[in-house]
Amino acid sequence: MGNKVLEVEVTTGSNIGDLVLIPRISLTPQSARTPFPIKRRQFPVKVAFAMTINKSQGQTLKNVGVYLPEPVFSHGQLYVALSRATSPVGLKILIVNRDNDPWD
């Protein structure tokens with residue numbers, strides 16, 4: 001991590017292992033409430049968290065995303081992953097086939 005750029009490694013997708021540079025960007029929102037412009041510089045990144053299916057056991061979560069690049073070990077493991085969400089609205093599942101294409 002530098003002052004003006006983040007050097008990160010891609011961990012998923014077709015470019016696994018590639019190094020990518022994310023520059024800092026300047027934001028100047030327009031507001032009628034302030035008589036002068038406010039300039040803010042930040043990195044365009046979003047905080048995210050992940051955990052394994054086994055680690056999620058006993059948790060109750062509002063939003064759950066399940067990424068399945070390969071079949072789950074057993075139906076019980078799939079049940080644990082899917083039952084962590086408090087409602088079906090907060091549940092997203094991504095299943096990819098052997099060619100890394102999303103399953104429809």
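## Basis of the description

Throughout this report, buried means under 20% relative accessible area, exposed means over 50%, and partly exposed covers what lies in between, with a 1.4 Å probe and protein chains only. By that definition Leu-61 is partly exposed, because its relative accessible area is 27%.

The model is predicted, and local features therefore need pLDDT of at least 70, side-chain atom pairs count only at pLDDT 80 or more, and totals for chains, interfaces and linings use all residues. Residues are numbered from 1 along each chain as its sequence is written, and side-chain values use heavy atoms, with hydrogens and water left out.

## Domains

The domain assignment of the protein chain gives domain 1 (1-45) and domain 2 (46-103), the bounds coming from an automatic or database domain assignment. Taken over C-alpha atoms, the centres of domain 1 and domain 2 are separated by 29 Å.

Two C-alpha distances link residues named below to positions elsewhere in the chain. Val-80 and Phe-36, which are 44 residues apart along the chain, are separated by 53 Å, while Leu-61 and Pro-29, 32 residues apart along the chain, are separated by 34 Å. Phe-43 and Arg-24, by contrast, are 19 residues apart in sequence and 4.6 Å apart in space, C-alpha to C-alpha. Phe-43 is found in the loop between strand S4 (40-42) and helix H1, and Phe-43 is buried, with a relative accessible area of 16%.

Helices (H or I, at least four residues) and strands (E, at least two) are DSSP runs, numbered from the N terminus. Strand S5, helix H2 and strand S6 make a right-handed β-α-β unit; a crossover is right-handed if, with the strands pointing away from the viewer, the path from the first strand over the helix to the second runs clockwise. S5 and S6 (residues 91-95) run parallel and are joined by five bridges, where two strands pair if DSSP finds at least two bridges between them. Within this pairing, Leu-68 has Ile-95 of S6 as its bridge partner.

The largest nonpolar core has seven residues, namely Ile-53, Val-64, Val-66, Leu-68, Val-80, Ala-81 and Ala-85; such a core is a set of buried Ala, Val, Leu, Ile, Met, Phe, Trp, Tyr and Cys residues joined through side-chain atoms within 4.5 Å. Strand S5 (64-68) and helix H2 (75-82) each supply at least two residues of this core, and the largest share, three residues, comes from S5. Leaving aside neighbours within four places in sequence, Val-66 is in contact (heavy atoms within 4.5 Å) with Ala-81, Leu-82, Leu-91, Lys-92, Ile-93 and Leu-94.

## Val-80 and Ser-56

Val-80 is placed in helix H2 and counts as buried, at 12% relative accessibility. Not counting residues up to four places away in sequence, Val-80 touches Ile-53, Ser-56 and Gln-57.

Ser-56 is found in helix H1, which spans 53-56, and at 6% relative accessibility Ser-56 counts as buried. With residues up to four places away in sequence again not counted, Ser-56 touches Met-51, Val-80 and Arg-84.

## Arg-84 and the loops

Arg-84 is found in the loop between H2 and S6, and at 14% relative accessibility Arg-84 counts as buried. The side chain of Arg-84 reaches the backbone oxygen of Gln-59 at 3.0 Å, a polar contact being a pair of N or O atoms within 3.5 Å, of which, within protein, one must be able to donate a hydrogen and the other to accept it, and for which residues adjacent in sequence count only if both atoms are side-chain atoms. Beyond residues up to four places away in sequence, Arg-84 touches Ser-56, Gln-57, Gly-58, Gln-59, Thr-60, Leu-61 and Val-64.

Leu-61 lies in the loop between helix H1 and S5, and Leu-61 touches Arg-84, Ala-85 and Thr-86, not counting residues up to four places away in sequence. Pro-88 is likewise found in the loop between H2 and S6, but at 74% relative accessibility Pro-88 counts as exposed. The C-alpha atoms of Pro-88 and Val-64, 24 residues apart along the chain, are separated by 9.4 Å.
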